[in-house]
Amino acid sequence: MQTIIPPDRRQRIQDLGYDYAAQPRDLVMTCNLCGTNVLVTITQRDRYGYPAQASACSRCGLVFLNPRMTAAAYGRFYDGVYRPLVSAFHGRLIDARTIQAEQREYAHDRAEFVRPFISRRGLATMLDIGGSTGVVAGHFAKQFGLSGTLIDPAPLEVQEAHTFGLETITGLVEEHDFGGRQFDLVLICQTVDHLLDVAGTLKRVRELLTPNGYLFVDIVDFRAAYLRNWSVEDATKIDHPYYLTQDTMTSYLRRSGFETMRAAYAADHLHVSYLCRPTQPVPQALPDAASVSHLFREIRFVQNAPRPA
Ligand SMILES: [Zn+2]
């Protein structure tokens, strides 16, 4: 269904004065997962009403914003637009301080998810990619006796992270020079959908991980997002360049050299978490053709069939 943005929400978003259409954007010509170039435009605007188009790859079903803002434009977005925009959408203040209560609960849940696998394994170091205010990394460091490093592009959030005794880096994992350092645990929490290059980042993470290390990563499952809203537009937003599904994420992990030890649907039914360890990459891993055609059929159905009562 094409949903209508309520007038009060539309007004709050307009009042921010963020001109998305004026931001520099690049057209993506090849799929980041499978490398082919037959892309299908599946939607014309996002949940905020911005003219953000998303493409789906006809071969593997990867969904992503296309065209997509440049890294510099995303840098400016995270430095002062992102949290106010999400606040305007929800109609309540969401900032580096208010998100901490929600992050504490999330941190507790995710630590219990990984605990049986990573406790008493002699792990010493941890890198949290896109670690925001450090609530999650701080909790993991304390629970598992790890020395934690956090990298995030948002300066205000990194500033908060200092209070947890973490080493902090303001920047992007794709660009930062770690100088050969490796980590026993890498966290990519509520972040993979925000990356500009998922394949490149996972390849980098594989190099940053010690041979006996672990990766925790979670996705917003795109199918869950559009099915719960019964709207593809409402499931897309300029803050997420990528819209992963269980099929596409599993393929990404296998191609990048990660074996999934455990997966879990979060209590919100929206996020799916994966705990992985390094293994041999399977470069040809892709979702099968039947699941890709099911995805396209389901998107068309949600876009055109009435919302179920
Ligand atoms: Zn593809």
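Good morning. I begin with strands β12 (residues 258-265) and β13 (residues 271-278), which run antiparallel and are joined by seven bridges. Strands here are DSSP runs of E with at least two residues, helices are runs of H or I with at least four, and both are numbered from the N terminus. Two strands count as paired if DSSP finds at least two bridges between them. This is a predicted model, in which local features need pLDDT of at least 70 and side-chain atom pairs count only at pLDDT 80 or more, while totals for chains, interfaces and linings use all residues. Residues are numbered from 1 along each chain as its sequence is written, and side-chain values use heavy atoms, with hydrogens and water left out.

Within this pair, tyrosine 265 stands opposite valine 272 in β13. The two strands form a hairpin with five residues between them, and histidine 269 in the turn has a positive phi of about 65 degrees.

I turn now to the open sheet. Its four strands have the order β2-β3-β4-β11, with antiparallel pairing. The edge strands, each pairing on one side only, are β2 (39-43) and β11 (242-243). Strand β3 (residues 54-57) runs antiparallel to β4 (residues 63-65), and three bridges join them. Alanine 56 has valine 63 of β4 opposite it.

The next topic is the metal site. Which residues coordinate the zinc ion? The donors are Cys31 (SG), Cys34 (SG), Cys57 (SG) and Cys60 (SG), at 2.2 to 2.3 Å. A donor is an N, O or S atom within 2.8 Å of the metal (3.2 Å for Na, K and Ca); water is not among the atoms, so sites may look incomplete. The arrangement is tetrahedral because the four donor atoms subtend angles of 100 to 119 degrees around the zinc ion; the criterion for four donors is that all angles lie between 85 and 135 degrees. In sequence, the donor residues follow the spacing C-x2-C-x22-C-x2-C. Cysteine 31, in the loop between β1 (25-26) and β2, and cysteine 60, in the loop between β3 and β4, are 29 residues apart and link distant parts of the chain. Both cysteine 31 and cysteine 60 are buried, meaning under 20% relative accessible area, with exposed over 50% and partly exposed in between (1.4 Å probe, protein chains only).

Finally, glutamine 23 lies in the loop between α1 (7-15) and β1. Glutamine 23 counts as buried because its relative accessibility is 16%. Leaving aside residues up to four places away in sequence, glutamine 23 touches Tyr18, Met69, Ala73 and Arg76, where contact means heavy atoms within 4.5 Å. Thank you.

Methods. Tetrahedral: all angles 85-135°; square planar, octahedral: opposite > 155°, others 65-115°.
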